[in-house]
Amino acid sequence: MRHLVITIGCEYGAKGNAIGRKIAEDLNIKFYNRELVDEIIEEVGIPKEIMENCVIIGRSADYILKDSDKINLLRAFIYAPDDVRIHNIMESHNLTEKDAGILLLEKDKRYHKRHLALTGSNRGDRHNRNILIDSSYLGTEGKQITSRNLSEENSEAGRNESMGQKKSEFDKVFSAWDILVIAFGAMIGGSPMDVAKAVGVTAKYGGSITEYEGAHKVPGKIIPLIAIPTTAGTGSEVTAFSVITDHSRDYKLTVFSYELFPSYAILDPELLTSAPASVAEACGIDAFIHAEEAYVSTAASPFSDAMADDAMKSGNIAVNPRSSHKRDIAELYHKAI
């Protein structure tokens, strides 16, 4: 069994230590701050293997462990705006704003120089991390973190394992930290946006998305979702449906709930200019069929007929395989709408 190791790098004053401790507490795993890591290294050197699930703060542990094939490594970096970090330093060190700012600059310079010399990369480089967390939004208590009753979680885990549904350590991290699943809902077509809706449900309320199959089974608001389509035709960014393939049944299940509406939908015609011709054509057909279905529906109304009629006419733009490569942004904007 490979152990879960969460490494947390952080900017000075971003309260990464407090957040790391909270993660360890919520997951009921070992917590190693910088002082404990230094003691271990002094006594036994840099460990060759990690023999337990744990959270490790700093000391470039993400870099040292990056090539280990004996652990599940989750690399996080915690940051915050400078004004927030200065405020945190003022509180923790009882300093004036000016002195806190000077200390911040000194620490940033020293830590950056050390990290660059060891790893050859900048601290907080997103290419070397799995998760970036802004602690000014998250807070030291995690804001959206679920404070767990460990006995309840253990009994639930036991039930899942007895039913052959063992919960992975990564599942535990993401279900504990709702906030990690927000950000952009999806890009490229309707399927990723449908998946994002499903993630928003299960991250907030737990379980499998199959438990919410059908109509109105989502108990409340899901995690905020921003949908940014880079094609036109599916309309998933403005619907209350999530269609997910259940490979165990070879079946597409549907979850319907008004709670699934994305908080925001951002339509940018510039994003359509890079779509391959085959994708543009498929999206045009998709948009046309949706409009045709609405037009012939027994539940149609004069208003829906007008919208469907206009969509079928504008569908001709999307069907044109060359349309996605044209720089007529006004035309692409109409296509996206």
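Helices here are DSSP runs of H or I with at least four residues, strands are runs of E with at least two, and both are numbered from the N terminus. The model you have open is predicted, so local features need pLDDT of at least 70 and side-chain atom pairs count only at pLDDT 80 or more, while totals for chains, interfaces and linings use all residues. Residues are numbered from 1 along each chain as its sequence is written, and side-chain values use heavy atoms, leaving out hydrogens and water.

**Stop one: helix α1.** Select residues 16–27. Next, click Asn28, which follows α1 and has a positive phi, near 55°.

**Stop two: the largest nonpolar core.** A nonpolar core is a set of buried (under 20% relative accessible area, 1.4 Å probe, protein chains only) Ala, Val, Leu, Ile, Met, Phe, Trp, Tyr and Cys residues joined through side-chain atoms within 4.5 Å. The largest one has 19 residues, and Ile23, Leu27 and Val55 are among those with the most contacts inside it. Elements giving it two or more residues include β1 (3–10) and α1. Now pick Val55: its contacts (heavy atoms within 4.5 Å) beyond four places in sequence include Ile6, Gly20 and Phe31.

**Stop three: an open sheet.** Show β7, β10 and β9, which lie in the order β7-β10-β9 with mixed pairing. Two strands pair if DSSP finds at least two bridges between them. Two bridges join β7 to β10 (residues 251–256), and these strands run parallel. Finish at Gly214, whose bridge partner in β10 is Val255.

How values were computed: Expected span 1.5 Å × (residues − 1). Buried < 20%, exposed > 50% of the residue type's maximum accessible area, 1.4 Å probe, protein only.
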